[in-house]
Amino acid sequence: MRILALAGSLRGGSLNRKLLDAAVGVVGDRAEIDRLDLRERPLPLYDGDLEERDGLPDGARLLKERIQAADALLIATPEYNHSIPGALKNAIDWASRPPGNPFRGRTALLMSASPGSYGGVRGMLALRQVLMALHVHVLPASVQVPRADQAFDAGGRLREERTRAALEKAVAELVRVGALIGRPD
């Protein structure tokens, strides 16, 4: 089983990167993790004229390949203005361009960490809508970490047992369902 893990934030010290680290630690040896950093290969803003003239940028082709090689997706995203960060949405838009839809049939667990009291839930709802349009099996369970600026200790470990338990349960479900469904191609 292979999981593509990514944070929707570009910021190095992002709370969502900390949450993703915690989730990857929970996966352990139950799956192979492909950790994707959206800063690895910056993508231009999606532009149909650019695509028509030059085809897919190298970064978009690589992203499509990595999604295609994964059985499941583990995404930790911040909420920007009740929605998805632009860099994450842009990456999804480029990766979903023809030929093929590498998202189709993948299983996804969505997570969000926010210093606010809602834990980024509105951003996850927007991301859920986008991924479902791309035929991703988005797990009903998600992980929200409100007041995330206080949720991690100095070592990056979640402080609250209840939050750790919720994360462990959600990750176990991703591994279980991802293995059941597998890679559709």
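Modeller: Happy to: I will go through the spaces one by one and then turn to the elements and loops around them. Please keep in mind that this is a predicted model.

Searching the whole structure for cavities of 30 Å³ or more turns up 1. The largest cavity has a volume of about 70 Å³, and 13 residues line it, with L6, L63, I67, I92 and F103 the closest to its centre. By class, that lining has 13 nonpolar residues, no polar and no charged ones. Strand 1, helix 3, strand 3 and helix 4 each supply at least two residues of the lining, and helix 4 gives the most, with 3 residues.

The largest pocket holds about 270 Å³ of space. Its lining is made of 14 residues, and V145, P146, E160, R162 and T163 are those nearest the centre. Two elements give two or more residues to this lining: strand 6, residues 143–145, and helix 6, residues 161–181. In the lining of the largest pocket, 6 residues are nonpolar, 4 are polar and 4 are charged.

The second largest pocket has a volume of about 230 Å³. It is lined by 16 residues, and L38, R39, R41, P42 and L43 are the closest to its centre. At least two lining residues come from each of helix 3 (58–68) and helix 4 (86–95). Helix 3 provides the largest share here, 4 residues. The class count for the second largest pocket is 9 nonpolar, 2 polar and 5 charged residues.

At its start, a side-chain oxygen of S14 comes to within 2.9 Å of the backbone nitrogen of N16. At the other end, helix 1 is followed by G28, which has a positive phi near 60°. Buried residues in helix 1 are L15, N16, R17, L19, L20, A22, A23, V24 and V27. An α-helix has 3.6 residues a turn, so residues three or four places apart point the same way. The buried residues of helix 1 pack against strand 1 (2–7), strand 2 (32–36), strand 3 (72–76) and strand 4 (107–113), and also against strand 6 and helix 6. Strand 6 and helix 6 are the pair that give two or more residues to the lining of the largest pocket.

Helix 6 also contains A179. A179 counts as exposed because its relative accessibility is 55%, above the 50% cut-off. The C-alpha atoms of A179 and M111 are separated by 20 Å, and the two residues are 68 apart along the chain.

E51 counts as buried because its relative accessibility is 14%, under the 20% cut-off. Beyond its neighbours within four places in sequence, E51 is in contact with Y46, L56, W94, R97 and P98.

P98 brings us to some backbone details. The peptide bond from P98 to P99 is cis, with omega near 5°, and P99 is found in the loop between helix 4 and strand 4. Most residues other than glycine have a negative phi, and most peptide bonds are trans.

N81 has a positive phi near 50° and is not a glycine. N81 lies in the loop between strand 3 and helix 4, and it is exposed, with a relative accessible area of 76%. H135, also a residue other than glycine, has a positive phi of about 70°. Its place is the loop between helix 5 (121–133) and strand 5 (137–138). H135 counts as partly exposed because its relative accessibility is 40%.

Note on methods:
Residues are numbered from 1 along each chain as its sequence is written. This is a predicted model: local features need pLDDT of at least 70, side-chain atom pairs count only at pLDDT 80 or more; totals for chains, interfaces and linings use all residues. Side-chain values use heavy atoms; hydrogens and water are left out. On a 1 Å grid over the protein atoms alone, a cavity is a set of points where a 1.4 Å probe fits but cannot get out, and a pocket is an open set with protein on both sides within 12 Å along at least five of seven lines; lining residues have an atom within 4 Å of a point. Grid points are joined across faces, edges and corners, and a volume is the space filled by probe spheres set on the points. Ala, Val, Leu, Ile, Met, Phe, Trp, Tyr, Cys and Pro count as nonpolar, Asp, Glu, Lys and Arg as charged, and the others, Gly among them, as polar. Buried means under 20% relative accessible area, exposed over 50%, partly exposed in between (1.4 Å probe, protein chains only). Contact means heavy atoms within 4.5 Å. A polar contact is a pair of N or O atoms within 3.5 Å; within protein, one must be able to donate a hydrogen and the other to accept it, and residues adjacent in sequence count only if both atoms are side-chain atoms.
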